Amino acid sequence: MTGKASQGEGDRQPIVLSIDVGGSHVKVLTSDGGTERRVVSGPKMTGKDMIAAAKTLAEGLTFDVVSIGYPGPVRQNRPLKDPMNLGPGWVNVDFAKSFGKPVKMVNDALMQAIGSYDGGRMLFLGLGTGLGSAMVIENVALPMELAHLPYKKGLSFEEYVGEAGLKRRGKKKWRQSVSDVVARVKAALQPDYIVIGGGNVDELGELPENCRRGDNTLAFKGGFRLWSDRALVI
């Protein structure tokens, strides 16, 4: 990977390498344009594996800074614990040192939420390997961990509406559970609108009331906004 810094002075916005880390793929894109690049991740991928994969994906790209959407809780640009759906060894990794660039890391659902935000009180729910969740309220970005709250029969929200729940229970029952979970969190959190994203949003038919369909590519936009949107509070 060249990872070379771009040239320019003054108030030029830095070129951002945005990395979306998921349970099935690691994807990268720069704010300078181009085409998304991706590689398979999976349950054995460690933090160092991800860095090596991202560096390979970014070979030949020019960028100044890095944004990472991480599938787990984050504080001060570092993971608080290893992800549920990937391998071990993430917490003590120095990502900025490894990339040789300044790094901002947020929860992956929060990064897509930031990219989806159109003002007001927005709730984001990501239907993917698990259940991602975040809110943005008047430009204040709030990571959430709704996935593991208790739901039914001793199981969590995520165990019903995550990918395993879809495979175990079938699309019809899964859709019913998604509608019920959306109604419950909507009543509790009182958003102005809800964005439903993630890889399995396409498995839904008609969306619940006051919801709109998200787009996974907006995770990249969220990564760009981490560096460019001065009104955003993380």
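Me: Rings of Phe, Tyr and Trp (its six-membered ring) pair if their centres lie within 6.5 Å; planes under 30 degrees apart count as stacked, over 60 as edge-to-face and the rest as tilted. How many aromatic pairs does this rule give?

Reply: The count is three aromatic pairs. This is a predicted model: local features need pLDDT of at least 70, side-chain atom pairs count only at pLDDT 80 or more, and totals for chains, interfaces and linings use all residues. Residues are numbered from 1 along each chain as its sequence is written, and side-chain values use heavy atoms, with hydrogens and water left out.

Me: Why is the pair of Tyr 70 and Trp 90 called tilted?

Reply: The centres are 5.5 Å apart and the planes make 55°. That distance is within 6.5 Å, so the rings pair.

Me: What makes Tyr 151 and Tyr 160 an edge-to-face pair?

Reply: The angle between their planes is 90°, and over 60 counts as edge-to-face. Their centres lie 4.9 Å apart. Ring pairs also bring in Phe 157, giving a cluster of Tyr 151, Phe 157 and Tyr 160.

Me: How do you know that Tyr 151 counts as buried?

Reply: Buried means under 20% relative accessible area, exposed over 50%, partly exposed in between (1.4 Å probe, protein chains only). Tyr 151 has 12%, so it is buried. Tyr 160 has 6%, so it is buried too. Ser 156, in strand E12 (residues 155–156), also passes, with 8%.

Me: What does Ser 156 touch?

Reply: Its contacts (heavy atoms within 4.5 Å) are Ala 147, His 148, Leu 149, Pro 150 and Tyr 151, not counting residues up to four places away in sequence.

Me: What makes a charge sit over a ring, as with Lys 101 and Phe 63?

Reply: NZ of Lys or CZ of Arg must be within 6 Å of the ring centre and within 35 degrees of the ring normal. Lys 104 lies over the face of Trp 227, at 4.3 Å from the ring centre.

Me: Why is a set of residues called a nonpolar core?

Reply: A nonpolar core is a set of buried Ala, Val, Leu, Ile, Met, Phe, Trp, Tyr and Cys residues joined through side-chain atoms within 4.5 Å. The largest one here has 26 residues. Those with the most contacts inside it are Ile 19, Met 50, Ile 68, Phe 95 and Phe 99. Elements that each supply at least two residues include E1 (16–21), H1 (47–57) and E4 (65–70). H1 gives the most, with five. A second, separate core has 24 residues, among them Leu 125, Tyr 160, Val 181 and Val 185.

Me: How do you know that E1 is mostly covered?

Reply: Six of its six residues are buried. Val 16, Ser 18 and Asp 20 point one way; Leu 17, Ile 19 and Val 21 point the other.

Me: What makes E1 and E2 partners?

Reply: Two strands pair if DSSP finds at least two bridges between them. E1 and E2 have five, so they pair. They run antiparallel, and Val 21 stands opposite Val 26 in E2. They form a hairpin with three residues between them. E1 also has five bridges to E4, and those two run parallel.

Me: Why are E3 and E7 edge strands?

Reply: The open sheet has five strands in the order E3-E2-E1-E4-E7, with mixed pairing. E3 and E7 each have a single partner strand, so one side of each lacks a neighbour in the sheet. The twist averages 15° from one strand to the next.

Me: What packs on this sheet?

Reply: H3 touches E1, E4 and E7, and its direction makes about 100° with that of E7. H7 touches E1, E2, E3, E4 and E7, at about 135° to the direction of E1. Axes are lines fitted to C-alpha atoms, for helices over the stretch in contact, and angles run from 0 to 180 degrees between N-to-C directions. The buried residues of H7 (residues 218–228) include Phe 220, Phe 224 and Leu 226.

Methods. Helices (H or I, at least four residues) and strands (E, at least two) are DSSP runs, numbered from the N terminus.
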